[in-house]
Amino acid sequence: MSAPSLGGERRRAGASAVGLAAAGVVLGVAAFAWMGCRGGKEALPGATPPPAGPTEKATVSLLFPGPDGFLHAESREVELPLTADGRVAAVVAALLAGPRTPGLVAPLPAGVTVADAFLDAQGVAYVDLAAKDQPSPPASGSDLELLRVYSFVDSVLANEPRARSVVLLWNGAQRITFAGHIDTSAPLLEDRKWVRQEKAVAAAAPAPRSN
Amino acid sequence: MRRRLALLLALLVTCGLLAAQRLVPQAPPAEPPPGEGEPTREPAPTPAPPTGPLVSTPATISVAGRDVAGSVLIAPSGPLFSLPPLAPLLGGELRQGPGGAGWVLRTGDVETVLGTGSAIATVGRSIVQLPQPVVGGDAGPWVPLELLRRSFGEALHWEIAWDAANRRLVATAQERRVVSVEWSLVHMQGLTTLVLQCPEAPRINIAERGQRVEVTMLGDQVAQPARPPEVVDPLVQALRFADDKILLDVAPGAVVEHYQQQDPYRLVFDVYQRVAAAPGTPTPAAPQRPTIVIDPGHGGVETGAIGPAGTQEKELTLLLAQGLARELAQRLPVDVELTRDEDAELPLDTRAAIANQHRAKLFISIHLNSSVGTGATGAETYFLSLEASDARAAAAARAENAMPPAAPGAAAEAQPASSVAGLDLILWDLAQSQHLSESQRFASLVQEELNTALGLRNRGVKQAPFRVLMGAAMPAVLVELGFLSNPDEEKRLLTVEYRKQLVDALVRAVSRYQAQGRPEAPDAQAAIR
């Protein structure tokens, strides 16, 4: 099993106050410079490059796995592409980039990217996740696999109104199961029972990444 | 799949209209009417189509050493080749898409979908970004070299190269591989399932000729199987492996359906008679003792979860399943089968198929859990959710409507769909749908026993779309007996005493389930010895 992305938590626990302050200054300067380059607008982080086409400012709700066995919503105001495909890709990229809320983790370890995202006329969103030298998603127990799968499914469906269901692909292929448990041979519908019912945590300010 | 095809073709044609106007061989198309609806996919950031007129120039096409005259369009981003004359030369078949939109190229079992002006094509299940857009012509599409390599090269084993200096397209057949094939054949409830398994996905073409199905390896050769194909089956009369072909002869009137699965690659044939068997057809006598099938999760290269101390889920599930099988057989009047009794990889559908083959009354898949962090603890029991996918939910609802309501506690004895709903077979994905209420009842008993006997945190009975449960034609649960990601639970699970407690709890759950299903049983615990 690949460990979930808990690097941020470990780093925070082990870092000294001075280190944190220094890191904060560096991050702040970097964020200021970066946002300046983007005309003061915040773009979604993620493994895929920023959208080239027109975008709009929007609030997205991203669902990240938590240690209590549930997904937790984290809302952000971001620049989203205007196309449905672009929005789906941006949401997935943001999930892969990880949460800003301490304690939550990215659904998959670092190194996984969005190879493609596609919304068909029936509202099925196809999300192709890719990882070099990883022929299959990381092995895990079923609870972690459920959180991983529904992190993507429920986040995409919550943020793209035209999407009705989601197909997850890995390295371009649709798998019978995601990682040995959950059937992914048919489009998956939203299932909110994996989501902790609470008010979404606003995470407007950049915070240390979890991986 | 058809709707994706139609959608993609519509998209490719839509985004290709502009480029099509710029072509020499083509008349200028009319302006698209305004307000025709939002395109379903925005054009990807593709390379720009050729900006000037393109003129075809003569070229040589060399296929397996034989030269024929052809032509090529030299575009700024590289050469483009006319697909209509190339397709038959290389063993492919080109046709227009539905409604005359775009083209569909069939190479063996792979379909490539492309449209004029688009640099996106789908090859099988892959979305391929081409180095330049496809160009339309009077006779058909002109395509870049990359598309030839992805379609003919990968599907039909051609090596394709372009010699620009001599304007020569050279296609040479790749060396023939010898593909080893393992086969298995099972007949159950009027359905024969033949599985052909290969170490890697071969390129094949499947053709039905009367009562014969021909599987042709495209560019490859079939090795004789280790086990001779001696078949005794009411629906499959013969199975032969010869040179590049696998031949399947079926009984007169039999219907053959096929599908493919990956990891490992399997080509599966379902053979059945469209007309249900006549009344009075003898059926094998039911076993005297009910059979329970225990499935140790994972195995082989599929380790499952790994604990902080390095314990692999597959090892513990096997130990627990073997212990449970032993205790059940000793203490209850049941026969017990394991889906695996060693550290071996076993496809999920095969696990349920084993239970179906034994006509099991219960299917128990044993697993150990993992979650975020190390704090999660406790056991949980799952039964199948068909609501996770609307396709499955709708099909299940249709199947349910076709079934008479089952009496409480009687689902384990439910008749097969074939005899009550006029259906010829139970669809694999829906096999479990007839048993959900009984699966839930058994899951509740398992959870109760685990909670009360062990004082574990009650994580409850849950529903999830677990593949291993889908094909089980009997009450079926997946039980997670603890969190390997929790170091304390990992330590406990490594002790014989703790595993014995877990096994005892499961035996009691099975006993109570059986007793509740027999109203005449005076004491639910009486069956336990």
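Me: Among the contacts in chain A between residues at least 6 apart in sequence, what share joins residues at least 24 apart?
Reply: This is a predicted model, in which local features need pLDDT of at least 70 and side-chain atom pairs count only at pLDDT 80 or more, while totals for chains, interfaces and linings use all residues. Residues are numbered from 1 along each chain as its sequence is written, and chains are lettered from A and ligands numbered from 1 in the order in which they are written. Two residues are in contact if their C-beta atoms, placed from the backbone, lie within 7 Å. Among the contacts in chain A between residues at least 6 apart in sequence, the share that joins residues at least 24 apart is 75%.

Me: In what order do the elements of chain A run from the N terminus?
Reply: Helices (H or I, at least four residues) and strands (E, at least two) are DSSP runs, numbered from the N terminus. Chain A has 4 helices and 7 strands, and from the N terminus on their order is α-α-β-β-α-β-β-α-β-β-β.

Me: How are α3(A) and α4(A) oriented to each other?
Reply: The axes, which are lines fitted to C-alpha atoms, for helices over the stretch in contact, with angles running from 0 to 180 degrees between N-to-C directions, come within 10 Å for helix α3 (residues 84-97) and helix α4 (residues 142-159) of chain A and cross at roughly 135°. Angles under 35 degrees count as roughly parallel, over 145 as roughly antiparallel, 65 to 115 as roughly perpendicular and the rest as oblique. The relation of α3(A) to α4(A) is therefore oblique.

Me: How do the residues of the contact of α3(A) with α4(A) divide by class?
Reply: The contact is made by A:Arg87, A:Val88, A:Val91, A:Val92 and A:Leu95 of α3(A), together with A:Ser151, A:Phe152, A:Ser155, A:Val156 and A:Asn159 of α4(A). Ala, Val, Leu, Ile, Met, Phe, Trp, Tyr, Cys and Pro count as nonpolar, Asp, Glu, Lys and Arg as charged, and the others, Gly among them, as polar. The residues of this contact divide into 6 nonpolar, 3 polar and 1 charged.

Me: How do the residues of the side of chain B that touches chain A divide?
Reply: In chain B, 42 residues are in contact with 38 residues of chain A. The elements of chain B that each supply at least two residues of that side are α1 (2-21), β8 (126-129), β25 (362-369), α6 (390-401) and α9 (467-470). By class, the residues of this side of chain B divide into 16 nonpolar, 15 polar and 11 charged.

Me: Which elements of chain B do the buried residues of α8(B) pack against?
Reply: A residue is buried if 20 or more other C-beta atoms lie within 10 Å of its own, exposed if 12 or fewer, and partly exposed in between, with C-beta atoms placed from the backbone. Among the buried residues of α8(B) are B:Leu436, B:Phe442, B:Leu445 and B:Leu450. The buried residues of α8(B) pack against β25, β26 (379-384), β27 (458-464), β28 (476-483) and α11 (496-516).

Me: Is B:Arg492 buried, exposed or partly exposed?
Reply: B:Arg492 lies in helix α10 (residues 487-493) of chain B. Because 17 other C-beta atoms lie within 10 Å, B:Arg492 counts as partly exposed.

Me: What share of the 529 residues of chain B counts as buried?
Reply: Chain B has 11 helices and 28 strands. Of the 529 residues of chain B, the share that counts as buried is 43%.
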